[in-house]
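Have a look at the fold before reading on.

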Amino acid sequence: MQVMGFAENDVAITLLAVLAGFLALWVLLTKCQQARAGAAGGGAAAAGIVDGTRLTSTKMPPGSLGWPIIGETFSFLSDVKNHPQGLYGFLAKRYARYGPVWRTNIIGMTGVFFHGPQAFKTVMLGEHTLFTYKQFKSTGRILGENSMFFADEELHRKMRKQFGEPLSMDGLRRNFTKFQETAINNLSKWEGRTVCYALDNIVYMMTSWKPGDPDFECIKANFMYLMDGIASIPFMWLRGRYYRAIKEEHEEILRKKVNPDALLTWEEASSMPYTLKVLSETLRLSSFMQWLPREANNDIDINGFRVKKGWKVFMDLHAGHHDAALFKDPLEFQPSRFEEPVKPFSFVAFGAGPRLCLGMNLAKLEISLFVHFLVTKYRWESVNKDFSLAPYVFLKLRNGYQIHVTPIIR
């Protein structure tokens with residue numbers, strides 16, 4: 001019997017030869033990469049010291065690199081599409097099998113996933129020296145290769161200095177009245193519209209453009225395309241006893257005001273401790289950035305394992321924030337857990353080190369103001385009772401969270 005002009009034995013031999021060639025190529029590439037890493041490390045690295053940190057481990061992180069070249073790509077894509085937890089299904093199975101540090105190979109890229117305070121501290125404080133911030137190329141095409149996500153050490157420092165002043169506490173005070181007006185305006189137009197409260201404030205601070213200006217509307221439209229399906233304001237926690245507790249706090253502010261309809265003072269906006277606990281607990285359960293990517297500049301030890309130069313390392317915030325050793329009953333929504341200081345580097349929703357989120361204080365202020373006007377001026381109920389999650393790279397509600405809003409008549 002002939003197949004495409006070849007005998008069956010010839011086909012089998014050809015396939016084996018091709019497979020052997022791939023294996024040989026994979027081994028060769030691996031050895032060349034290791035040789036380059038060793039040569040580039042040189043000097044102190046050869047002596048077992050990198051930037052003052054002594055390398056003590058030669059143990060590689062556990063895990064499977066899968067098939068040559070393609071690695072575990074097919075398994076990764078399958079879980080993203082079909083597993084009830086999406087990408088987290090892929091990650092959770094490997095954490096259960098290997099522990100808090102493990103490695104994989106996806107589309108030819110060796111990556112190490114890890115979580116835990118000590119590992120987070122090592123990487124976040126090692127920015128620019130031990131590690132380089134590395135986002136995905138697809139993100140770079142969207143945000144631009146000169147954005148803060150991709151800026152090198154010098155450019156990143158200049159950009160933080162440039163944007164740091166408007167986002168400082170003094171800068172927030174100057175725009176405090178505008179923030180409240182933006183929140184009230186957005187809420188008054190809620191029905192049938194998309195709320196972009198944070199975006200309105202940021203664009204105004206940086207450009208003085210206002211809603212309705214052509215340039216502003218262009219930025220807003222493109223931003224919504226970028227963020228669609230990734231982030232949303234988490235209203236689901238504003239229910240039941242948590243809603244009542246937030247509302248005891250904001251109604252108390254109103255009772256102390258001479259004019260309940262007047263805008264908040266800076267001091268009043270700073271007296272919302274329970275609201276900030278709810279915000280922190282929301283971010284713990286569902287951080288906007290689920291993991292933070294870096295690339296090792298040299299061989300480095302993380303939690304007793306050797307990470308090779310050039311490997312991608314992923315600080316898994318989702319796994320760290322759901323670690324039962326750090327947060328009791330991690331799947332339960334308990335804002336009271338933030339009544340006491342948490343262990344350093346265990347809650348890192350805003351990052352840490354040189355790349356600590358510049359907008360952290362702005363985000364906290366905006367949410368506090370938004371929640372205040374929401375719970376004191378409106379009632380709402382969900383339109384769709386289906387709260388099931390859709391498999392995705394980031395988990396999201398299958399049908400979003402549509403609500404019907406009714407103004408409170410006082």
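What follows covers the sheet, then the nonpolar cores.

This is a predicted model, so to speak of local features takes pLDDT of at least 70, and side-chain atom pairs count only at pLDDT 80 or more, while totals for chains, interfaces and linings use all residues. Residues are numbered from 1 along each chain as its sequence is written, and side-chain values use heavy atoms, with hydrogens and water left out.

Let's start with the open sheet: five strands in the order β5-β6-β11-β8-β7, with mixed pairing. Strands here are DSSP E runs of at least two residues, and helices are H or I runs of at least four, numbered from the N terminus; two strands pair if DSSP finds at least two bridges between them. β5 and β7 sit at the edges with a single partner strand each, so one side of each has no neighbour in the sheet. From one strand to the next, the twist averages 35°. β6 and β11 run parallel, joined by four bridges, and Phe114 has Met315 as its bridge partner in β11.

| Strand | Residues |
|---|---|
| β6 | 109-114 |
| β11 | 312-316 |

On to the cores, meaning sets of buried Ala, Val, Leu, Ile, Met, Phe, Trp, Tyr and Cys residues joined through side-chain atoms within 4.5 Å, where buried is under 20% relative accessible area with a 1.4 Å probe, protein chains only. The largest has 22 residues, and Phe114 and Met315 are among those with the most contacts inside it. α4 gives the most to this core, with four residues. A second, separate core of 16 residues includes Trp190, Tyr242, Tyr243 and Val405.

Technical notes. Axes fitted to C-alpha atoms, helices over the stretch in contact; angles between N-to-C directions. Buried < 20%, exposed > 50% of the residue type's maximum accessible area, 1.4 Å probe, protein only.
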